[in-house]
Amino acid sequence: MSKRYIDLNCDMGESFGVYKLGMDEEVIKLISSANVACGFHGGDPNVMDRTVAMAKEYGVGIGVHMGFPDLLGFGRRNMDIAREDLMNLIIYQIGALDAFCRKHGTVIQHVKPHGNMNNMADTDEEMAENIVDAILAVLPDVPIFVKPNSQLHRVAEAKGLPFVLELFPDRAYNNDLTLVSRRQPGAVVKDPEVAAERAVRMVTEGRVTSITGDTLEVRGETICVHGDTPTALEIVRRIREKFDRQGIVVAPISQWWKSN
């Protein structure tokens, strides 16, 4: 029987100056891919430098986690940005992370929009096209993490940008597979045991229970845990424990995933 592989990613490097966010030094030992903030929604040059160095040390795949220019709102507010502006904001952030990867003798493994840039691209085709076109302009062979059935997924597939399907055990789902707004109660799954059980079910059964109690069919190659969730470290630990018991191998996508 062939092994079942999964990538376990987490948002990292989101501290800024004297403000610390997340438990990166502990979490990075347990994950296989890191989505590194690039200074717009979180992170700064020193934090990026340290995060890339840690990722290389632990053999963790490095991803560009580009966000809206919204430090105050942590990139979780909708923004109306013209195509050229948005594309250049994305390319700028890719370039910043690429420079630190070069410094540490490593490479960018994947790209993943942060927060509401990602959420808006679930249903906004123009937003999705702008994101995909920006990546195609500078990293055409690097995969983007996308939510299944989102506009970002459809546009990436149509334009030939490699993509990896992503699932979220620590977030509640609507019936259309979009994530429940963080403004709604129950949007974030904070109980480590519940989140870990959801992760195992997603991988082994291809199912998840929606916010309304319905069973949804899902498929994915990477599982995300949000680094700013207060229980993130314990969620990741529980997921790893349960995956180990199930014989599920956690590894960066660069080691096992094949382009679509």
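Start by selecting helix 7 (residues 192-205) and helix 8 (residues 232-246), whose axes lie 8 Å apart and pack at an angle of about 40°. An axis here is a line fitted to C-alpha atoms, for helices over the stretch in contact, and angles run from 0 to 180 degrees between N-to-C directions. Helices (H or I, at least four residues) and strands (E, at least two) are DSSP runs, numbered from the N terminus.

The model is predicted: local features need pLDDT of at least 70, side-chain atom pairs count only at pLDDT 80 or more, and totals for chains, interfaces and linings use all residues. Residues are numbered from 1 along each chain as its sequence is written, and side-chain values use heavy atoms, with hydrogens and water left out.

**Helices 7 and 8**

Helix 7 and helix 8 are oblique to each other. Angles under 35 degrees count as roughly parallel, over 145 as roughly antiparallel, 65 to 115 as roughly perpendicular and the rest as oblique.

Now show the side chains where the two helices meet. On helix 7, select P192, E193, A195, A196, E197, A199, V200, V203 and T204; they meet E234, I235, R238, I239, K242, F243 and Q246 on helix 8. By class, this contact of helix 7 with helix 8 has nine nonpolar, two polar and five charged residues. Ala, Val, Leu, Ile, Met, Phe, Trp, Tyr, Cys and Pro count as nonpolar, Asp, Glu, Lys and Arg as charged, and the others, Gly among them, as polar. Contact means heavy atoms within 4.5 Å.

**Helices 2 and 3**

Next, select helix 2 (residues 45-57) and helix 3 (residues 83-103). Their axes come within 9 Å and cross at roughly 45°, which makes helix 2 oblique to helix 3. Helix 2 passes helix 3 in a right-handed crossing. From helix 2, P45, M48, D49 and V52 meet A96, L97, F100, C101 and K103 of helix 3. Sorted by class, the contact of helix 2 with helix 3 has seven nonpolar, no polar and two charged residues.

**An aromatic pair**

Rings of Phe, Tyr and Trp (its six-membered ring) pair if their centres lie within 6.5 Å; planes under 30 degrees apart count as stacked, over 60 as edge-to-face and the rest as tilted. By this rule the count is two aromatic pairs. Select Y5 and W256, a stacked pair with 6.0 Å centre to centre and 20° between the planes. Y5 is in strand 1 (residues 4-12) and W256 in helix 9 (residues 253-256), so the pair links distant parts of the chain, 251 residues apart. Y5 is partly exposed, with a relative accessible area of 35%. Buried means under 20% relative accessible area, exposed over 50% and partly exposed in between (1.4 Å probe, protein chains only).

I253 counts as buried at 2% relative accessibility. Not counting residues up to four places away in sequence, I253 touches D7, S33, Q109, H110, P143, F145 and V164.

From that list, select S33 in strand 2 (residues 33-37). S33 is buried, with a relative accessible area of 0%. Leaving aside neighbours within four places in sequence, its contacts include D7, L8, N9, C10, V60 and I253.

**The loop between strand 3 and helix 3**

Select F68, in the loop between strand 3 (61-65) and helix 3. At 0% relative accessibility, F68 counts as buried. Beyond its neighbours within four places in sequence, F68 is in contact with residues including F40, H41, M79, L86 and M127.

F74 is in the loop between strand 3 and helix 3. F74 counts as buried, at 15% relative accessibility. Its phi is near 55°, a positive value in a residue other than glycine. Most residues other than glycine have a negative phi.

Move to N149, in the loop between strand 5 (144-146) and helix 6 (151-159). N149 also has a positive phi, near 70°, and is partly exposed, with a relative accessible area of 44%.

Last, select D176 in the loop between strand 6 (163-167) and helix 7. D176 is exposed, with a relative accessible area of 51%. To end, draw a distance from D176 to G61: the two are 115 residues apart in sequence and 30 Å apart in space, C-alpha to C-alpha.

Key:
A crossing is left-handed if the near helix is turned anticlockwise from the far one by less than a right angle, and right-handed if clockwise.
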